Amino acid sequence: MRKAALHNLGCKVNAYETEAMEQLLEAAGYEIVGFEEKADVYVINTCSVTNVADKKSRQMLHRAKAKNPDAVVVAAGCYVQAAADKLREDAAVDLIIGNNRKADLVPLLDAWFAGKEIKESITDLAGSNEYEKLHIKKQAEHTRAFIKVQDGCNQFCSYCIIPFARGRVRSRSRDSVLDEVKTLSANGYKEVVLTGIHLSSYGIDCDDNLLSLILAIHEVEGIERIRLGSLEPRIITEEFAQTIAKLPKMCPHFHLSLQSGCNATLKRMNRRYTAEEYYEKCQLLRKYFDNPALTTDVIVGFPGETEEEFAESKAFVDKVDFYETHIFKYSRREGTKAAAMKDQVPDQIKAARSAELLELNRK
């Protein structure tokens with residue numbers, strides 16, 4: 001029996017896909033072992049959200065080859081989509097699998113072990129509207145399962161490479177989602193967390209929407225809690241907030257990505273809403289939910305962020321009074337508009353601003 005080890009880098013969507021690949025390998029007769037053990041196959045589900053993520057992805061691929069030079073090292077995911085040419089030349093990498101092709105893992109390995117010269121499976125996602133058929137029956141956690149319902153993004157925020165690595169919005173069919181939720185419920189899972197690359201876009205490509213999907217999942221027997229991954233503020237309408245507030249299974253935790261509380265910065269980021277609109281959405285949730293947990297992400301040191309802009313952003317974060325704020329120092333990502341912007345903020349200023357917001361978060 002061949003042994004396979006998997007390692008995940010990056011977001012919750014990646015984690016879901018890694019679990020799905022693990023289950024495909026198990027079903028094909030592979031023994032799954034820890035990444036630190038000697039294996040015949042190493043699968044690294046890569047991330048490409050920042051230059052640092054790219055570097056970590058390369059390091060893990062090289063670490064796998066060092067563990068067993070005779071093993072098949074598989075690079076999968078976002079870094080593959082963003083840097084396929086680099087990986088084709090990397091001696092540590094044997095197989096490369098892009099996004100939307102992770103379900104090809106077992107046939108590709110079969111071909112490899114049969115001595116065939118097939119070394120990659122990559123789709124140009126720019127023109128693809130096909131949703132990748134991956135699903136899970138269990139997860140490492142015993143009562144909570146993350147479910148990927150959507151892939152891709154049409155937003156093109158100026159600092160982000162993900163629309164290029166993940167392609168345009170593709171939604172999973174409601175029937176497929178419900179089948180998976182029912183399977184997980186039958187296997188003892190009580191809570192589902194809906195995730196996606198841009199969850200709020202669910203259904204825009206197939207005449208469906210996130211609210212309808214939530215209502216359908218709410219009907220599944222055995223599921224007691226429903227949580228949502230990161231949301232775009234604009235999805236919070238009066239109808240959305242009012243409807244989900246009536247659902248007893250809905251967890252009152254909402255992660256609304258902010259990135260900056262300053263309108264000038266938001267505009268450079270291409271975020272498509274204003275601080276005022278964002279505040280309105282938070283108030284809507286507080287109108288219908290009794291003390292909901294509102295969490296967010298904020299980037300400090302975005303190109304061109306002045307002391308005044310940072311002060312405006314900080315004052316806004318203070319005003320919203322979040323339950324928790326995730327603070328990120330702007331990280332330059334080659335290939336994005338923001339990477340080429342002038343007035344890049346020095347690292348020591350980013351660190352000082354980050355420390356200020358971390359202190360605010362602690363309070």
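Which residue lies over the face of Y279? K319 does, at 4.2 Å from the ring centre; a charge counts as over a ring if NZ of Lys or CZ of Arg is within 6 Å of the ring centre and within 35 degrees of the ring normal. This is a predicted model, in which local features need pLDDT of at least 70, side-chain atom pairs count only at pLDDT 80 or more, and totals for chains, interfaces and linings use all residues. Residues are numbered from 1 along each chain as its sequence is written, and side-chain values use heavy atoms, with hydrogens and water left out.

**Charges and aromatic rings**

- Y279 also belongs to one aromatic cluster with Y273, Y278, F316 and F322.
- R2 lies over the face of F113, at 3.6 Å from the ring centre.

**Aromatic pairs**

- There are nine aromatic pairs in the structure (rings of Phe, Tyr and Trp, the last by its six-membered ring, with centres within 6.5 Å; planes under 30 degrees apart are stacked, over 60 edge-to-face, the rest tilted).
- F302 and Y330 make an edge-to-face pair, with 5.4 Å centre to centre and 75° between the planes.
- This pair links distant parts of the chain, 28 residues apart: F302 is in the loop between β12 (293–300) and α11 (307–320), and Y330 in the loop between β13 (324–329) and α12 (347–362).
- Helices (H or I, at least four residues) and strands (E, at least two) are DSSP runs, numbered from the N terminus.
- Both F302 and Y330 are buried (under 20% relative accessible area; exposed is over 50%, partly exposed in between; 1.4 Å probe, protein chains only).

- N68 sits in the loop between α2 (51–67) and β4 (72–77).
- N68 counts as buried because its relative accessible area is 7%.
- Apart from neighbours within four places in sequence, N68 is in contact with K38, A39 and Y42 (heavy atoms within 4.5 Å).
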